[in-house]
Amino acid sequence: MTQQRSELPGRRLLLKGSLAVGAAATGALAATQGSARAATPRAATNPLVRHRADPHIHRHHDGRYYFTATAPEYDRIILRRSRTLRGIATAEEAVVWRRHTSGDMAAHIWAPEIHHIDGKWYLYFAAAPADDVWKIRMWVLENAHRDPFKGTWTEKGRIATAWDTFSLDATTFTYEGARYLAWAQKDPGEDHNSAVFLSRMANPWTLTGPQIRLTTPKYDWERVGFKVNEGASFLQRNGRVFMTYSASATDANYCMGLLTARAGSDLMDPRSWTKSPRPVFTSSDRTRQYGPGHNCFTVAEDGRTDVLVYHARQYKDIVGDPLNDPNRHTRIQRLGWKADGTPDFGVPVADGPLPAR
């Protein structure tokens, strides 16, 4: 989610119109791919989940995939679960939390992530107060029940950072026995909308120690429309730690960048990280996928095949603010690997059944 300073008038009318545009685009493409779908009816198909942006999939030790994402009304947090990735598409969706009607956490409910930490479930998300909808900050919910669809989601409060500024897209991971949080935030000393920061955690809702900046939008491809680095996700493979992030405005210019650190290095030392000078995942006219980004990683049912999860639109031209267009759909595809051990993102695949592994 990129900070875009525009109000959101008539959201339901805008959503209705944009949904119709997206349905028309999807229908035209489906007409050319009907035979392929009929030939492989059980294959995973893109889009995996329509009208769900900023997707996050957690594969739990119970063998199930837990899915959450941004709903285009920006008013609730949803969950789905399935024993297969393709099953997420038709899994029943539950609303586990709704925005407040006043005060904090009343607007712009963005980019939830679900994590299981020390026997409890946690949801990280961004929200703003009703009277200042761009005062977006990061919040945490906790559920002690073994089943996140049951029990009570308790509001643990706001994640306090070094500055009380625009912040969102919290994600957490462990490395060499320590838990970390990465997030996007406006650095008051920099000319940008958001950069990506990293800190160790004292518990699932509290940062501890220094907070370092990992990446700021400095390349031209990170500064189109808005100067943005956001939506971090981490993958530890092949003796390295990889961090993807998304850049630029949330239209067809949205794309993904990559940072890399050697395993065993100090992740809290900015010198440990190398930033790719070019984007690693971008829009494709050939496959008709635009603005791919805000990704996460999971693994296929075989437990070995890495899977890239992200959102994209099926068309390039958008009327008005891209944040008012709900047709960012959740997609998945296999993540490849190059001979040197670095990830090969390829291009966002076309709509339809995914290629066989």
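Trainee: Is Trp-273 buried or exposed?

Mentor: Burial is read from relative accessible area: under 20% is buried, over 50% is exposed, and in between is partly exposed (1.4 Å probe, protein chains only). Trp-273 has a relative accessible area of 9%, so Trp-273 is buried. This is a predicted model, in which local features need pLDDT of at least 70 and side-chain atom pairs count only at pLDDT 80 or more, while totals for chains, interfaces and linings use all residues. Residues are numbered from 1 along each chain as its sequence is written, and side-chain values use heavy atoms, with hydrogens and water left out.

Trainee: How many aromatic pairs does a search of the whole structure find?

Mentor: Rings of Phe, Tyr and Trp (its six-membered ring) pair if their centres lie within 6.5 Å; planes under 30 degrees apart are stacked, over 60 edge-to-face, and the rest tilted. The search finds 17 aromatic pairs. In one of them, Phe-234 and Trp-273 have ring centres 6.3 Å apart and planes at 70°, so this pair is edge-to-face. Phe-234 is in strand β14 (residues 229–237) and Trp-273 in strand β17 (residues 273–275), so the pair ties together parts 39 residues apart in sequence. Strands here are DSSP runs (E, at least two residues), numbered from the N terminus. Phe-234 also counts as buried, at 13% relative accessibility.

Trainee: How are the planes of Phe-281 and Phe-345 arranged?

Mentor: That pair is tilted, with 45° between the planes and 6.4 Å centre to centre. Both residues are buried.

Trainee: In what order do the 4 strands of the open sheet lie?

Mentor: Strands of a sheet pair through backbone hydrogen bonds, either parallel or antiparallel. Two strands count as paired if DSSP finds at least two bridges between them. The order is β14-β15-β16-β17, with antiparallel pairing. β14 and β17 are the edge strands, each pairing on one side only. Strand β16 (residues 255–262) pairs with β17 over 3 bridges, and Trp-273 is the bridge partner of Ala-261.

Trainee: How many residues of strand β7 are buried?

Mentor: 8 of the 9 residues in strand β7 (residues 120–128) are buried. β7 pairs in the antiparallel sense with strand β6 (residues 107–117) over 7 bridges, where Ile-114 stands opposite Leu-123. β7 also pairs with strand β8 (residues 137–143), again antiparallel and over 7 bridges; there Phe-125 stands opposite Trp-139.
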